[in-house]
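The sequence and structure come first, and the account follows.

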Amino acid sequence: MTGIDFGFVATAVGPAGTPDVPMYRELIGDCEHHVDLGFSTAWLIEHHFSDYFPTPDPLGLLQFIAGRVPELNLGTCVIVTPWHNPLRLVEQIAQLNALTDRELHLGLGRGTAKFEYDAFGIRMDETRARFAEILDIVKLGLTGRPFTYAGAHYQVPKEILVRPVTDSAKIHFYGAIGNPASAPLMAQMGLAPMCTTVGDYEQQRKTLVDWETAARAAGQPTGGKRPIMINCIVADTDQEAIAQAQQYIPAFMKAQVDHYTIDDTPWEDIKGYEAWRRIFSGMKARMDPANIPPWTEWQLVGSPDTVRRRLQNYLDVGFDTILLHTATPGVPAAARREWTRRFALEVMPDFRSVAV
């Protein structure tokens, strides 16, 4: 039995029109703010070429954070694995691991934005195969032993040793599950589940059950942390928190709709992405503030009492690592820091000693 880990999503956001450099400075300020409040881990997002979380190099940024805020564990939610050269990726992980004595929690995912894939010249229908091969190479590279590799997309024909050689025991990998159908696939590859609040509590429970069933069938381990990213707004009353969600969350939904070009992408024709039109249709509806209140029922949005109750629901489902997501497009630093300040002071103390 282990305790609950409370982390936060650190990324470059701010009011509309904020230049990139001030957003990055506020990102570092968020890290300093959260460590002072007792949060354990900073989790970074990878995206490219748009206003939707313009943090293209999470591992490089984590190196900087490790120097500025060395008390924090470091995480990604996620590295979009098929966009990376596998040897460069494993070297970056090894180098970061050598520069910090903190735990590394590395979420890996396939990504969903077609225009990002197009920019990198990678076909989306190849992502599952590429993801699996890159994961193989990363795991081999972190063993500290020379290796070769022969795959359909990536080859390492001449034996190499990845340097620096580091203690990989403090590196923990997770597989992103945005679409519940991904749960068995991540389990079969030996990746612990990393979820977001897509779907209600029972859907989340089913996702974890499906993951564990597939992991056992494949002979993969079923232990380890089980993180979930959850939006959080804490206010005096539920009504006040919902009003703030109606003020800020539609911009978040619009950023996703724009970034993922949801109406222009033939989701049904892209292998492995067939379910995403339905998922994105919900985001498009929530661009209207009137559609935000039902969405808040599955988020940590409300009074401290409401947030405590909903957090307990996620713990009962089986999650033990909470990634608070307050830094979304359009939200100023003062607002998101107030939400996490109240969470740390009025919610976290009730769960610090809870075993899950």
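In the whole structure, a search finds 22 salt bridges, a salt bridge being a side-chain nitrogen of Lys or Arg within 4 Å of a carboxyl oxygen of Asp or Glu. The model is predicted: local features need pLDDT of at least 70 and side-chain atom pairs count only at pLDDT 80 or more, while totals for chains, interfaces and linings use all residues. Residues are numbered from 1 along each chain as its sequence is written, and side-chain values use heavy atoms, with hydrogens and water left out.

| Pair | Closest N to O distance |
|---|---|
| D30 and R337 | 2.7 Å |
| R88 and E91 | 3.5 Å |

The salt bridge between D30 and R337 links distant parts of the chain: D30 belongs to helix α1 (residues 20-37) and R337 to helix α12 (residues 333-346), 307 residues apart. Helices are DSSP runs of H or I with at least four residues, numbered from the N terminus. D30 and R337 also belong to a network of salt bridges that includes E26 and R336. D30 has a relative accessible area of 2% and is buried; buried means under 20% relative accessible area, exposed over 50%, and partly exposed in between, with a 1.4 Å probe and protein chains only.

R88 is exposed at 52% relative accessibility, whereas E91 is partly exposed at 33%.

In the remaining pair of the table, both R130 and E126 are buried.

Terms used: Helix = DSSP H or I, 4+ residues; strand = E, 2+ residues; numbered from the N terminus.
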